[in-house]
Amino acid sequence: MTTKQLLSGNEAIARGAYEAGATVGTGYPGTPSTEILENFVRYPDVYCEWSVNEKVALEVAIGASLAGARTLVTMKHVGVNVAADPLFTLSYIGIKGGLVIVSADDPDMHSSQNEQDNRHYALAAKIPMLEPADSQEAKEFTKLAFKLSEKYDTPVFIRSVTRLAHTNSIVSHSKPTNRPLPQGFERNIKKYVMIPAFARLRHLEVEKRLALIAKESNELSINQTEINDKKTGFITSGVNYHYLKEIYPEATILKLGMIYPLPVEKIKKFCKIMKRVIIVEDLDPFLETLIKAMGITNVQGKKLFPLTGELNPDIIRGSLSTNKSSPVSINIDIPNRPPALCPGCPHRQVFNVLKKLKLTVSGDIGCYTLGVLPPFSAMDTCIDMGASIGVAQGIEIASNRKKKNTVVAVLGDSTFAHSGITGLLNAAYNGRHSLIIVLDNGTTAMTGMQPNPSSGETISGNPTIQIDYHKLGESMGLDQDNIREVNAYKEDEIEKNITKLLTSEKLSLLVIKGLCVIFKTRRIKQLKKGK
């Protein structure tokens, strides 16, 4: 009997990896991708880890794949930027055990610093990309991605978006594939060592591979046509397919499951029989540009739809309607709920101090980005994970050193482990005198309480090492007196130490410790239950 279950897109991707026989999962938590690994780790006989950042996660995944394990690696869209360096060379060396990379994009920036369109990574890195429309497809496409990965010796992208990742729909389960026992790494220097002479040869293989996949794309059942009216047809992918079906149940649609490389012959055949073709896609005119480059002229896309934000049925209907003056009005007064630091957060005190001292604060990604908002308004920059330390150094370099130091870098413990440590090393190496403040709340709170190298446990709950800030700082040459730890609840101590360290002519590391209140409450409940 087939088992059916209501699953989110993230849960379905985890299930798909399990059914495909994947045994290794790596990633870094980031909304909207976080729950994929948190669900994958619950399946038997799989290894999962939260890596310190996305680049390391992909590198671990590459190693596991080259040793023969089918491997899943997950990250949000901006995380692919961090992983881009190994990603492009991975395209050249290929895989051994199937390797699937989930890029969870965030159109409309529900929880992100930008809304980049990661379909461009597939094009630029020459890696196939599939885009499911619902949870059932999320599971099936993940399984197909592993098959394509091993058939064509290539990593394969799954592109998810926030609406898919967090929306539940019915999924039918299948029996897991028999898992091939990894045979271990086998030496093959012409394939795995990318010195120029070998890389030139591999680039030729990448182009041959891409041509073969493009040819098969025309035959894949995930690229579906629904022909009714031949006056107007739609080309779309992902959740926008369901939006179209909701508005126009009888519409003629070419629904693309593989969005790179495209099924050229299928698209040309579809457009040839249609008088007019409308391309419905979020963000950039990715499909539109590639389809127009095929020489097809009866298509329209971003001329009708917005370039920013995510589409929805109302926006699609409004963009295609000649009557623009009758939007649906719901007479409900929904109060505005801007994000803010949690009322009980122990690290609110430090932002009080930073505001009081009128310091320039180089901030970072995570809970503490919210220090930019009232009542604190105590943050001046926020670029990307770990950038606070580097930006503070840049400000220091460009400023008059004789002037009193009024610049501090602030970041959380997980972000410090992700990519802040390299910034600290750079500061130490180049003789900076910045003050770096790590707000250690014992968890990766912003994405849902995932452990990290400051937490003392792994994703499986097993005990492990914890960052020793004093030893780390000393190993980078910081003076012992310039490495300090303070209780987050002692505001006077925080102010005294910040004021003191700002007068130092040397690099300083101030760690302010206070457990996230939500994490602390959850732990107390677990202890009472004996877990």
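Trainee: Is R202 buried or exposed?
Mentor: R202 counts as buried, because its relative accessibility is 11%. Buried means under 20% relative accessible area, exposed over 50%, and partly exposed in between (1.4 Å probe, protein chains only). This is a predicted model, in which local features need pLDDT of at least 70 and side-chain atom pairs count only at pLDDT 80 or more, while totals for chains, interfaces and linings use all residues. Residues are numbered from 1 along each chain as its sequence is written, and side-chain values use heavy atoms, with hydrogens and water left out.

Trainee: Which residue forms a salt bridge with R202?
Mentor: D153 does, with the closest N and O atoms 3.6 Å apart. D153 is in the loop between α6 (135-152) and β7 (156-161), whereas R202 belongs to helix α9 (residues 196-217), so the pair ties together parts that are 49 residues apart in sequence. A salt bridge here is a side-chain nitrogen of Lys or Arg within 4 Å of a carboxyl oxygen of Asp or Glu. Helices (H or I, at least four residues) and strands (E, at least two) are DSSP runs, numbered from the N terminus.

Trainee: And how far apart are the closest atoms of E457 and R523?
Mentor: In that salt bridge the closest N and O atoms are 2.5 Å apart. E457 sits in the loop between β17 (435-440) and α17 (469-475), and R523 in helix α19 (residues 517-528), so this pair ties together parts 66 residues apart in sequence. R523 counts as partly exposed, at 30% relative accessibility.

Trainee: What about K139 and E140, how far apart are they?
Mentor: Their closest N and O atoms are 3.2 Å apart, and the two form a salt bridge. K139 is buried at 0% relative accessibility, whereas E140 is partly exposed at 31%.

Trainee: How many salt bridges are there by this rule?
Mentor: The count is 28. D105, D117, R119, E131, R159 and E281 are linked in a network of them.

Trainee: Changing topic: which residues of α13 are buried?
Mentor: P313, I316 and S319 are buried in α13 (residues 313-320). They lie on the same side of α13, because they cover an arc of only 140° around the axis, the arc being that of the directions from the helix axis to the C-beta atoms.

Trainee: What covers them?
Mentor: The cover includes α10 (240-247) and β13 (276-280), judged by contact, which is heavy atoms within 4.5 Å.
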